[in-house]
Structures are given as C-alpha cells and as structure tokens.
Amino acid sequence: MDSSHQPSVDEKRSVRAGGRPEDRDEIVAAIENGVVVNASGYRDQLKRQYGLVGLAGIAITIDNAWIALGSSISVSILNGGPPGLIFGLIVAVFYYSFIGAGLAELASAVPTAGGVYHWATIAGGPKYGRILGFFTGWINFYGWMFDLAALMQITANICISMYSVYHQTNYTYEPWQVYVTYLLVLWLSTAAVIFANRLIPYTQKIGMFFVIVGGVITIIVISAMPKRHASDHFVWKSFNENNLTGWPGGLAFLLGVLNGAFTVGTPDAITHMAEELPYPKKDLPKAIGLQIGLGFLYAFCFAIALCYAITDLDALQGGFNTYPLANIYAQATAHADGTTNHGATFGLLFIILFSSLLCCVGTVLANSRIYWALARDNAVPLSPLFSRVNERLSCPVPATLFVATIASALGAIPLGSSTAFLNLTGSFIILTTTSYAIPFAANILTRRQYLPSVPGSFRLGKFGTPINVLSVLFIVLFNTLFCFPFVYPTTTESMNYNSVILVGVVALTAVWWMVHARRKYPGPRVMALYIHGGDSTGEKVQVSEGVEVPVHGFKQERYGGVGVSKEKPQEKKKGGDGGILP
C-alpha cells in the first residue's frame with residue numbers, strides 16, 4: 001500500500017470496531033450514512049470488548065458444567081442413582097453436539113445479538129421468516145429466563161448450605177430463606193451488569209479460572225479424602241435398585257437425561273454476545289465447541305469422582321428443591337470417626353459459590369441482550385423504552401432491569417411447589433431447544449437456501465442437512481420425554497408442568513402476535529440484509545462476497561473489497577439517557 005494513503009473515515013471506524021482493516025468483514029454488513037452497520041442491521045451501540053479468551057470465559061462460566069451437574073443432581077438422583085447420572089450425561093452431550101454444530105454454523109454466518117431469533121427469521125424466508133423469528137425470539141427469551149431462575153435458585157441454596165455447615169445443630173431449612181438469598185444474588189448480579197459492564201470480561205476470565213482450576217481441585221479432593229469409597233457396582237451397575245421413579249428402567253433413564261441436558265444445555269448463550277466481539281465469525285464457533293467439549297470433560301470426571309464419594313444415597317434424596325451436593329461433600333470429607341469436616345466442606349462449597357456468582361452475572365448479561373435485541377425490532381411491549389442503550393455504561397439498562405424483575409417473580413415459584421426446581425430446569429431445556437429446532441427445521445424445509453454463504457465463516461457443508469435433521473429429531477424426542485411426570489404414579493403436587501409452561505409460552509406469544517406484531521412488528525433488519533426472493537422487493541445487492549440480498553431503499557457501495565449497502569438517510573431519535581435509537 002502507498003505510504004501516503006490516508007485511511008478513510010469508514011476504515012477508521014472499522015478498525016476501531018473490528019480490529020485490522022483486513023478483518024473488517026467480521027462485523028461490517030453495510031454502511032449507513034457513513035456509519036458501519038453490523039450483521040443485525042444496526043450500528044454498534046455496545047463496545048466490542050470481548051476477545052476469544054474473554055468469550056471463552058463467558059462460555060465456560062455460563063455453562064459451569066461440572067457445577068451445574070452437581071448442583072442439579074436432585075433432578076436425576078431418583079432415576080437410577082450414579083449410573084443414571086453418568087450415562088445420562090453421555091447421552092445429553094451426544095445429542096447436544098449436533099445442536100452445537102448447527103448453532104455454530106448459524107452464529108458464524110449471521111453473528112447478531114438476536115441469535116436464534118434472527119436465524120429463524122432468515123431461514124423462514126420472505127414468506128414465513130417474520131412470524132417464525134417472532135415466535136423463536138420469545139420462546140428463547142422465556143427459556144433463558146427459566147434458566148436464570150434455576151441458576152439463582154442453585155446459588156441461593158449454596159449460600160444456605162454454607163451457612164448450615166457451621167450451624168447444623170440449630171438450623172432449620174425454610175424455603176423463604178432461599179428466596180431472600182435468591183433476590184440478593186439476583187440484584188447484585190444486575191447491578192454488576194449495569195454499573196461494571198467494562199469489568200465483566202475480566203470477571204469472566206476469573207470465572208473461567210475458578211471453573212477450570214476449581215474443578216481440578218474439587219475432583220482431587222473428593223477422590224482422595226474419603227476414608228472409604230463406593231463400590232464399582234454402586235457407581236456403574238446399580239441402576240435398577242436405585243430407580244425410585246416408578247417408571248420402567250429404560251424410560252426412567254431417558255427422563256433422567258434432563259440432568260445431563262441442564263449440564264451442557266447453554267450452547268446459544270454466547271451467541272447473544274456477537275455484537276460485543278471484534279471477530280464473531282471466527283470466535284463464536286470456537287467458543288461453542290470449547291464450551292461443550294471442555295464442559296463434558298470436566299462434568300464426566302466430576303460425576304465419576306462424585307459418585308465414588310457417596311456413602312449414603314438415602315441422605316441425598318431429600319426433595320427436588322434441596323441441595324444434595326453439600327451432603328455429598330460432607331460425606332466425602334468426613335473425619336475418620338464420621339464427624340463433619342467443616343473446613344473442607346465449606347471450602348468446596350466456596351469454590352462452587354464463587355463460580356456460580358460469576359455465572360449469575362454472565363447469565364443476566366446474556367438475558368438482557370436477548371430482550372434488548374427483541375425490543376430493537378419492536379417485538380416487545382414498550383419497545384422504545386427497552387431498546388434504549390446507555391452508551392456510557394455500554395448497557396441496555398431498561399432491558400436489564402426488566403429481566404431482573406421477571407426473574408424475581410419466577411424465584412417465588414419454589415415457595416409453593418415441591419417440584420419447582422425440576423420445572424425450572426425442564427422448562428429451560430424444552431423452551432431453548434424448541435427455539436433451536438425452529439431455525440434448523442426451517443433450514444431443512446427450505447433446503448438451506450437462505451443460509452448466507454459468508455467467506456471465513458464456519459460451514460457444515462454436505463453434513464449440514466443431516467446434522468440439522470438429527471438435531472430436530474433429538475429435540476422432539478427428549479422434549480416429549482421431559483414433559484412426563486417425574487414419578488409414577490403422580491400427584492397434583494409432584495406433577496410435571498413443563499408441557500403446561502410450553503403451551504402457555506406459545507399461547508402468550510400468539511396473543512401478542514395478534515394484538516401487536518401482526519400489524520406493527522416489521523421484522524428485524526436482517527430480513528432486508530439476507531432474505532431474497534418471494535414478496536421482497538428492491539434491488540439485489542452483494543452484502544458480502546457470494547451473498548445477494550434485496551434491500552429496500554439501499555444502494556450498493558464497495559467497502560474494502562466487500563459489497564455493502566447504503567441506506568437512505570433517516571431521522572434518528574435520542575433516548576432519554578442520551579443514546580441514539582436506530
């Protein structure tokens with residue numbers, strides 16, 4: 001290049017937003033009035049502050065796999081004991097690997113904060129994309145809200161368990177104590193997301209350290225400290241004698257896969273951070289693969305060590321809303337005379353608590369981005385309010401506060417239901433995987449013709465359709481199973497309400513579609529950038545090499561060798577906090 005060349009304003013913006021000039025195609029989808037427009041069709045409002053290490057930190061911390069497995073062990077402890085736990089994890093990772101591969105391809109092709117919401121819109125094409133995306137976005141949001149509630153429930157139970165370690169003789173467990181702790185953790189996490197957003201990349205790296213190093217320490221301690229270990233038969237072959245669900249063995253095992261699914265069931269979490277990454281097309285697939293692979297490795301090793309440390313299985317079956325992991329730690333670290341080793345138990349719980357607190361922050365962050373992405377496209381009530389971004393804090397403050405408010409209400413459910421935790425975890429898995437299945441199924445039915453072929457992105461190639469088909473089949477199978485009653489015969493109190501929650505979410509979304517979206521929801525801007533054919537009008541322009549799309553009122557402009565588009569000027573409004581509303 002000629003040394004006298006002076007970078008243009010657009011090149012400078014691209015370098016600031018996306019790094020080197022040659023890498024600007026990572027974030028540039030178009031140029032709107034001289035401003036870089038990202039893959040979602042909006043200008044960047046959030047700082048692209050997460051590198052691959054920071055992103056991996058969020059991925060591993062939100063997944064928190066080995067901690068999630070131990071903390072949700074009450075979900076599957078009745079479904080065959082240790083064998084059900086270990087082999088259920090293997091089955092869950094097997095089918096989530098197909099889901100993760102499909103999501104990685106979509107995230108690399110269209111890296112937006114909307115995630116599956118935008119991908120379903122694109123995959124549905126010009127005729128069905130708008131309604132498919134709308135339902136997918138809402139279903140995904142509700143699913144992540146249930147995950148946030150389950151996570152806060154786990155963290156609150158950890159705090160209560162740590163207190164009870166030193167107060168066993170005079171402490172009585174009460175559900176309201178968990179709820180008060182739940183609210184404290186939730187709103188502290190929310191405050192961190194709003195006021196310390198610039199520090200979150202560093203906290204998530206710390207969280208990754210605790211998950212990885214803390215996992216190694218925990219596995220070593222619970223393997224080495226027990227004075228006696230469980231037998232090989234108990235760990236690997238005691239399924240039938242520990243199947244206390246009332247269901248036949250095979251069915252009971254499949255129902256217990258829910259624990260494994262909850263362990264690794266967060267592959268789309270980091271995709272909602274796409275607009276805060278300088279290299280999303282390259283980094284998102286890597287982070288998803290790392291999340292599932294490393295999560296399984298740690299969870300599998302932890303599960304084996306944990307099961308060998310159990311000496312009294314009956315003591316762990318105190319109810320679905322309890323925290324049996326604390327009891328396992330107490331059994332594993334007990335003194336030779338059987339008395340509790342308070343320091344060791346407390347220390348192991350502290351590792352989990354610190355990791356879980358950082359996981360809470362990451363999950364509030366992800367949820368707020370999901371709702372904000374919906375609000376930008378006028379898909380939620382009071383969209384002008386919830387689409388606002390405080391650019392000084394680099395945070396969609398109203399959307400974050402809304403997420404915390406809804407989570408506060410969900411946290412009260414365990415006060416009136418003995419199976420609430422099962423319903424929270426089950427609904428998270430069912431709703432999120434349903435939101436994954438919609439873009440996968442749409443891709444299959446449209447023969448993947450709307451999936452952008454973007455240079456440098458992760459592609460499944462000829463394996464794309466088979467992987468999408470297997471993902472949808474697995475999702476349908478296990479979501480159906482996860483709606484079965486947890487025990488048989490069942491009662492009103494122990495009933496599984498996951499199917500009711502799924503139908504309720506779809507019904508609420510349908511009502512909002514009829515009342516508002518059918519006429520006032522234009523669909524996300526990705527429709528103009530990526531969908532071609534059908535009833536779309538306008539000139540086809542090349543957004544990136546090899547991709548032609550129709551854009552209403554756009555004209556083509558070349559940018560660094562990548563075809564981009566320029567939108568006609570339009571008036572911008574200022575939000576109440578000074579942020580620009582696209």
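1. Helices here are DSSP runs of H or I with at least four residues, and strands are runs of E with at least two, both numbered from the N terminus. Counted in this way, the protein chain has 19 helices and eight strands. The model is a predicted one, and the points below should be read with that in mind.

2. On the chain as a whole, 61% of the 582 residues count as buried, and the accessible surface comes to about 21800 Å², with 64% of that area belonging to carbon and sulfur atoms. Of the contacts between residues at least 6 apart in sequence, 78% join residues that are at least 24 apart.

3. The largest nonpolar core has 169 residues, and those with the most contacts inside it are Trp66, Tyr95, Tyr182, Phe302, Tyr329 and Phe482. Helix α6, which covers residues 125-165, gives the most to this core, with 19 residues. As general background, nonpolar side chains in soluble globular proteins tend to be buried together.

4. Helix α6 packs against helix α7 (residues 175-195) at an angle of about 115°, with the two axes 8 Å apart, and the crossing of α6 and α7 is right-handed. On the α6 side the contact is made by Leu148, Ala149, Met152, Gln153, Thr155, Ala156, Asn157, Cys159 and Ile160, while α7 supplies Gln177, Val178, Thr181, Tyr182, Val185, Leu186 and Ser189. The residues of this contact divide into 10 nonpolar, six polar and no charged.

5. Not counting residues up to four places away in sequence, Thr190 touches Val364, Thr400, Leu401 and Ala404.

6. Helix α5 (residues 116-123) is largely enclosed by the rest of the structure, because eight of its eight residues are buried. These are Val116, Tyr117, His118, Trp119, Ala120, Thr121, Ile122 and Ala123, and what covers them includes α4 (81-109), α6, α13, α16 (420-445) and α19 (526-530). Just after α5, Gly125 takes a positive phi of about 75°.

7. Ile352 is buried, with a relative accessible area of 0%, and its contacts, leaving aside neighbours within four places in sequence, are Trp66, Ile67, Ser71, Ile158, Tyr323, Leu325 and Tyr329. Ile352 and Thr155 are 197 residues apart in sequence, yet their C-alpha atoms are 8.5 Å apart in space. Asn367 is likewise buried, with a relative accessible area of 0%, and is in contact with Phe141, Trp144, Met145, Leu148 and Val403 when neighbours within four places in sequence are set aside.

8. Pro285 is found in helix α11, which covers residues 280-309. Its relative accessible area is 14%, so Pro285 counts as buried. Beyond the residues up to four places away in sequence, Pro285 touches Ala104, Ser108, Pro280 and Phe458. The C-alpha atoms of Pro285 and Glu105 are separated by 7.1 Å, although the two residues are 180 residues apart along the chain.

9. Most residues other than glycine have a negative phi, and most peptide bonds are trans. The peptide bond from Tyr488 to Pro489, however, is cis, with omega near -5°, and Pro489 sits in the loop between α17 (464-481) and α18 (498-520).

10. Positive phi values also occur in residues other than glycine. Leu382, in the loop between α13 and α14 (383-386), has a positive phi of about 55°, and Ser394, in the loop between α14 and α15 (397-410), has a phi near 55°.

Technical notes: Residues are numbered from 1 along each chain as its sequence is written. This is a predicted model: local features need pLDDT of at least 70, side-chain atom pairs count only at pLDDT 80 or more; totals for chains, interfaces and linings use all residues. Side-chain values use heavy atoms; hydrogens and water are left out. A nonpolar core is a set of buried Ala, Val, Leu, Ile, Met, Phe, Trp, Tyr and Cys residues joined through side-chain atoms within 4.5 Å. Buried means under 20% relative accessible area, exposed over 50%, partly exposed in between (1.4 Å probe, protein chains only). Axes are lines fitted to C-alpha atoms, for helices over the stretch in contact, and angles run from 0 to 180 degrees between N-to-C directions. A crossing is left-handed if the near helix is turned anticlockwise from the far one by less than a right angle, and right-handed if clockwise. Contact means heavy atoms within 4.5 Å. Ala, Val, Leu, Ile, Met, Phe, Trp, Tyr, Cys and Pro count as nonpolar, Asp, Glu, Lys and Arg as charged, and the others, Gly among them, as polar. Accessible areas come from the Shrake-Rupley method with a 1.4 Å probe; for residues, only the protein chains shown count as cover.
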